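Hello,

Here is the structure for your set. My notes follow below it.

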Amino acid sequence: MLNIPKQFSSFKFIRPIQWPEIFDAWRSGEARQESWKRHWEERGFGSWDEWRTEYAKPFQPETLNWFLYEISDPTREFPEIYCVPSKSWIEKAYGGKITKQFKDIAGDPIIKDNNKIIAIKNDFPKKTMLTGLLCGEKIVLVEGMHRAAALATWDSKVPFNSKIYMAIAEWNKEIPIIGGNYKK
């Protein structure tokens, strides 16, 4: 179990979780989506597994101790979480910083006008797991950017009825830049 910062008061520890189970959850959520298939093929990868393994490599996920948390108030919590430190999001949304909190980019067109985020809001999964790193007092997302952005910008007048989980590991090093890997 991790020492989750007090501001994330709706995070409830469920159990330890192993990296293969987390990676399997990524696979079941993405591998059959045509948009992700185009994404990895454009980057020269032969499969979803090959692409996502390379994506995760900078934070050496198989060496970390992972813990699963349920988040009972995700629409309150996610604006405070830090966004995925990926090359493409750094270039498109963070003004060159490694990451920013969702609340700081929520009004930007890349979030509010993003068709994928809008579609997720219109049909949010009934149960989903995201992945993050605990970096001191910060929780930094490493997988689930579009779902997390949907949560961070959720309309308070719209009921939210899904179960949200996050696999989290402690990270005491500089936050790595992930993604942006090409085989071509």
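Ser 162 sits in the loop between α9 (145-152) and β5 (163-170). Helices here are DSSP runs of H or I with at least four residues, strands are runs of E with at least two, and both are numbered from the N terminus. The model is predicted: local features need pLDDT of at least 70, side-chain atom pairs need 80 or more, and totals for chains, interfaces and linings use all residues. Residues are numbered from 1 along each chain as its sequence is written, and side-chain values use heavy atoms, without hydrogens or water.

Ser 162 counts as buried because its relative accessibility is 14% (buried is under 20% relative accessible area, with a 1.4 Å probe and protein chains only). Leaving out residues up to four places away in sequence, Ser 162 touches Phe 124, Pro 125 and Lys 126 (contact means heavy atoms within 4.5 Å). A polar atom of the Ser 162 side chain lies 2.6 Å from the backbone oxygen of Pro 125.

Now the whole chain. The protein chain has 9 helices and 5 strands. From the N terminus, the order is β-α-α-α-β-α-α-α-α-α-β-β-α-β. The radius of gyration is 16 Å, close to the 16 Å from the globule rule for 184 residues, so the chain is as compact as a globular protein of that length (C-alpha atoms; the rule is 2.2 Å times the number of residues to the power 0.38). The C-alpha trace spans about 45 × 35 × 30 Å along its principal axes. Buried residues make up 48% of the 184. Of the contacts between residues at least 6 apart in sequence, 75% join residues at least 24 apart.

Best wishes

Conventions
Buried means under 20% relative accessible area, exposed over 50%, partly exposed in between (1.4 Å probe, protein chains only). A polar contact is a pair of N or O atoms within 3.5 Å; within protein, one must be able to donate a hydrogen and the other to accept it, and residues adjacent in sequence count only if both atoms are side-chain atoms.
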